[in-house]
Amino acid sequence: MTFAYTQASQAAGQYLLDPYQLDDAALEQVFGEIMTREVDYADLYFQYSRAEGWSLEEGIVKAGSFNIDQGVGVRVVSGEKTAFAYSDDISAAALHSAAQATRAIGRQGGRGVAGSSRHGSGHALYRGRDPLASLDEAAKVALLEGLERYTRSLDPRVTQVMASLAGEYEVVYIARHDGHRAADVRPLVRVGVQVIVEQHGRRESAHVGGGGRFDYSYFSEERLQGYAREAVRQALVNLDARPAPAGEMTVVLGSGWPGILLHEAIGHGLEGDFNRKGSSAFAGRVGQRVAAKGVTVVDDGTIADRRGSLNVDDEGNPTQRTVLIEDGILQGYMQDSLNARLMGVPITGNARRESYAHITMPRMTNTVMMNGDTSAEEIIGSIKRGLYAANFAGGQVDITSGKFVFSASEAYWVEDGKIQYPVKGATLIGNGPDVLTRVGLIGNDMQLDPGVGTCGKEGQSVPVGVGQPTIRVDGGLTVGGTA
């Protein structure tokens with residue numbers, strides 16, 4: 001842990017502080033300017049990032065991107081009010097200018113006090129590697145070309161393959177008015193493969209990928225071939241799919257990526273800001289039953305190498321494993337410093353921001369429903385007539401009400417406990433908080449998603465993870481179909 005922080009601290013110095021002659025004394029001068037008025041909280045968020053993307057289609061790299069960005073955000077909080085300024089110029093002059101822009105928010109009369117400098121080490125969940133430097137350009141192109149060739153070789157019905165590769169190297173340094181300092185180096189990689197298959201004039205497609213906080217060495221030949229096989233399998237399944245039935249029915253949700261429904265329809269409603277403002281369906285319900293017995297939901301930012309994990313959050317606090325719902329009882333919410341202070345509860349390490357140009361807010365990291373004690377086979381076998389949604393595509397959610405609409409990318413019709421045939425065009429319509437109360441069986445096969453999730457909230461996007469076991473939802477879910 002000490003080594004990980006030392007490495008991150010050195011990177012922060014190399015990219016964010018030393019080139020601009022910034023040290024603790026210079027930062028304290030900025031805080032001194034901010035604290036001439038009484039405020040509850042202030043921080044400086046420095047960020048340096050390099051990102052690239054490669055896209056291959058028809059055997060040719062047709063699109064590519066490379067971006068370098070850096071800057072600093074200055075945030076001051078007084079009561080419920082936040083003042084924020086940012087600059088892509090990291091210099092003492094720019095910092096002082098931003099600090100002056102935020103001063104008006106402070107309360108008159110009292111004088112804030114800056115704390116003495118101290119460093120926090122956070123976790124050591126991933127290595128501070130630079131993914132972009134882990135392969136040269138020729139090797140990156142060869143990776144995509146090899147993925148495309150292998151995918152095409154799997155089945156003659158494969159007519160088109162698109163492959164993508166993306167990587168990011170990010171260094172952050174957080175300085176707070178209370179003297180706390182934190183640094184982190186955040187690698188992130190992702191590969192995706194999309195296939196189109198055709199048979200008797202009918203076309204279907206599927207997209208599969210994965211990644212996490214690694215460098216490109218994570219994408220071994222075996223792993224890449226696994227993505228290819230899964231994408232082709234899903235597309236071929238849908239070639240034989242029949243129109244999905246419609247109506248209210250029992251639905252089984254598969255393990256892993258289907259946890260995106262949990263994330264969207266329930267997870268957002270457990271973020272502190274929505275509950276402080278009373279706009280969530282879960283507001284004021286801590287200690288009450290909000291889900292069926294056996295349902296335990298956690299947000300865990302401490303899982304090694306996961307896409308949603310962080311050594312420290314964007315306020316410099318170590319991430320945590322926060323139990324949100326335990327055996328059906330609501331335990332609490334995900335919090336950043338502002339909402340935790342106003343609600344009188346502990347911070348949970350869930351402060352996140354898209355970049356230095358955005359303010360923090362409470363956000364999910366890796367949101368997971370924990371295992372039950374029933375096998376997936378038993379759960380499917382328990383269905384008289386219903387739908388097994390093995391995988392999801394997109395969806396829409398109203399956070400205030402919890403109402404959602406999700407489309408299944410792979411689904412099957414089940415009768416008398418046996419899968420009968422794949423179906424196409426199934427959409428799930430329901431209410432997140434209500435669905436939690438209707439979970440009848442919970443599987444023992446919890447999986448995390450493959451590492452491709454991105455969450456949007458109030459115009460900000462951040463990487464996240466989801467996971468769940470196979471679960472059965474009894475009634476209350478409407479399937480919108482085509483039959």
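Helix 2 and helix 3 are roughly parallel to each other, because their axes cross at an angle under 35 degrees. The axes of helix 2 (residues 24–34) and helix 3 (residues 92–102) come within 9 Å and cross at roughly 20 degrees. Axes are lines fitted to C-alpha atoms, for helices over the stretch in contact, and angles run from 0 to 180 degrees between N-to-C directions. Helices (H or I, at least four residues) and strands (E, at least two) are DSSP runs, numbered from the N terminus.

Helix 2 passes helix 3 in a right-handed crossing. A crossing is right-handed if the near helix is turned clockwise from the far one by less than a right angle, and left-handed if anticlockwise. Helix 2 contributes Leu27, Gln29, Val30, Glu33 and Ile34 to the contact (heavy atoms within 4.5 Å). Helix 3 contributes Leu95, His96, Ala99, Gln100 and Thr102. By class, this contact has five nonpolar, four polar and one charged residues. Ala, Val, Leu, Ile, Met, Phe, Trp, Tyr, Cys and Pro count as nonpolar, Asp, Glu, Lys and Arg as charged, and the others, Gly among them, as polar.

The model is predicted; local features need pLDDT of at least 70, side-chain atom pairs count only at pLDDT 80 or more, and totals for chains, interfaces and linings use all residues. Residues are numbered from 1 along each chain as its sequence is written, and side-chain values use heavy atoms, with hydrogens and water left out.

The axes of helix 4 (residues 137–153) and helix 5 (residues 221–239) come within 9 Å. They cross at roughly 40 degrees, and the two helices are therefore oblique to each other. Their crossing is right-handed. Leu143, Leu147, Tyr150 and Thr151 of helix 4 meet Leu224, Gln225, Ala228, Arg229 and Val232 of helix 5. Six nonpolar, two polar and one charged residues make up this contact.

UniProt annotations cover two spans. An unreviewed entry gives "domain: Metalloprotease TldD/E N-terminal" for residues 42–104. That span is 17% helix and 67% strand, with its end C-alpha atoms 13 Å apart. The unreviewed entry also lists "domain: Metalloprotease TldD/E central" for residues 131–239. Here the chain is 33% helix and 46% strand, and the end C-alpha atoms are 37 Å apart. Such annotations may be inferred rather than shown by experiment.

Six strands form an open sheet with mixed pairing, in the order 13-12-11-16-25-22. Two strands pair if DSSP finds at least two bridges between them. Strand 13 (329–330) and strand 22 (447–448) stand at the edges, each with a single partner strand, so one side of each is left without a neighbour in the sheet. Strand 11 (residues 297–300) runs antiparallel to strand 12 (residues 321–326), joined by four bridges. Asp300 has Arg321 as its bridge partner in strand 12. Helix 6 (residues 259–267) packs on the sheet. It touches strand 11, strand 16 (366–369) and strand 25 (465–468), and its direction makes about 115 degrees with that of strand 25.

Further pairings involve strand 17 (residues 385–397). Strand 10 (residues 250–253) pairs with strand 17 in the parallel sense over four bridges. Leu253 has Ala389 as its bridge partner in strand 17. Strand 17 also runs antiparallel to strand 18 (residues 403–415), with ten bridges. Tyr388 stands opposite Tyr412 in strand 18. Strands 17 and 18 form a hairpin with five residues between them. In the turn, Gly402 has a positive phi of about 85 degrees.

How values were computed: Angles under 35 degrees count as roughly parallel, over 145 as roughly antiparallel, 65 to 115 as roughly perpendicular and the rest as oblique.
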